[in-house]
Amino acid sequence: RGEEGPARVDALEKWLDGKDIFAHFDLHQAPTKSHFFAIRMSNDNSGVAEGAIEALPPGERMQLTTYEPYMSRPSKYTQIVPGVVSSDNPNTFKEFTAKRGAISLTMEAPGRYPVELARQNYLKFLMAAIDHLNSL
């Protein structure tokens, strides 16, 4: 990554150095967000994120083009489909694994949702992503 990160990230990167990585799913919670979204690398043409987001109801997927925080300033995200954005932020674990050939996705659950609903949607997304990976 070119810079010191949190100790847990540095330890993972050291452990993974030199290993083949096929897929990487990073589960996050965005405390201020009200919808789910997945972040993929801009050069990821696997369709995994786009297929997996279909497991969530359309009303629970973030629509970047109408999402007020991103309308007021330039966004680091580019919307691919509702609920899926691309970002190539440097020095992220997603970038680290993508550079090693992995399909690297971050799934953001909204902090404004009940925890149980977030868990259910994480599982729906992950199971759909795994199904798409198995079809590659």
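Modeller: Five helices and five strands make up the secondary structure of the chain. From the N terminus, the elements run α-β-β-α-α-β-β-α-β-α. Keep in mind that this is a predicted model.

Colleague: How do you know what confidence the chain has?

Modeller: Look at the pLDDT, the predictor's confidence in each residue on a scale from 0 to 100. The chain averages 85, and 89% of the residues score at least 70.

Colleague: Which elements have the lowest and the highest mean pLDDT?

Modeller: Helix H3, residues 68-71, has the lowest, at 55. Helix H2, residues 48-53, has the highest, at 96.

Colleague: Now the sheet. What is the order of its strands?

Modeller: The order is E1-E5-E2-E4-E3. The sheet is open, has five strands, and its pairing is mixed.

Colleague: What makes E1 and E3 edge strands?

Modeller: Each of them pairs on one side only. Strand E1 covers residues 23-30. From one strand to the next, the twist averages 30°.

Colleague: How do you know that E1 and E5 pair?

Modeller: Two strands pair if there are at least two bridges between them. E1 and E5 have eight bridges, in the parallel sense.

Colleague: Why is E5 called largely enclosed?

Modeller: Buried means under 20% relative accessible area. Eight of the eight residues of E5 are buried, so the strand is largely enclosed by the rest of the structure. Both faces are covered. Ile103, Leu105, Met107 and Ala109 are buried on one side, and Ser104, Thr106, Glu108 and Pro110 on the other. For the chain, 41% of the 136 residues count as buried.

Colleague: Which strands does helix H5 lie across?

Modeller: H5, residues 115-134, lies across E1, E2 and E5. The helix runs at about 160° to E1.

Colleague: Why is His28 called partly exposed?

Modeller: The label covers values between 20% and 50%. His28 has a relative accessible area of 31%, so it is partly exposed. This residue is in strand E1.

Colleague: What does His28 touch?

Modeller: Leaving out residues up to four places away in sequence, His28 touches Thr106, Met107, Glu108, Ala109 and Tyr122. Take Tyr122: it is 94 residues from His28 along the chain, yet their C-alpha atoms are separated by 9.7 Å.

Colleague: How many aromatic pairs are there?

Modeller: The count comes to three. One of them is Phe37 with Tyr77.

Colleague: What makes the pair of Phe93 and Phe96 stacked?

Modeller: Planes under 30 degrees apart count as stacked. The planes of Phe93 and Phe96 are at 10° and the ring centres 5.7 Å apart, so this pair is stacked. Phe93 and Phe96 lie in helix H4, three residues apart, about one turn of the helix. Both are buried.

Colleague: Which charged residue lies over the face of Phe96?

Modeller: Arg100 does, at 3.7 Å from the ring centre. The distance cut-off for a charge over a ring is within 6 Å. Another case is Lys19: its charged end sits over the ring of Trp15, 5.0 Å from the centre.

Colleague: Last one. Where is Asn91 found, and is it buried or partly exposed?

Modeller: Asn91 is in the loop between strand E4 and H4. Its relative accessibility is 26%, so it counts as partly exposed. Asn91 also has a positive phi of about 65°, although it is not a glycine.

Methods:
Residues are numbered from 1 along each chain as its sequence is written. This is a predicted model: local features need pLDDT of at least 70, side-chain atom pairs count only at pLDDT 80 or more; totals for chains, interfaces and linings use all residues. Side-chain values use heavy atoms; hydrogens and water are left out. Helices (H or I, at least four residues) and strands (E, at least two) are DSSP runs, numbered from the N terminus. Rings of Phe, Tyr and Trp (its six-membered ring) pair if their centres lie within 6.5 Å; planes under 30 degrees apart count as stacked, over 60 as edge-to-face and the rest as tilted. Buried means under 20% relative accessible area, exposed over 50%, partly exposed in between (1.4 Å probe, protein chains only). A charge sits over a ring if NZ of Lys or CZ of Arg is within 6 Å of the ring centre and within 35 degrees of the ring normal. Axes are lines fitted to C-alpha atoms, for helices over the stretch in contact, and angles run from 0 to 180 degrees between N-to-C directions. Contact means heavy atoms within 4.5 Å.
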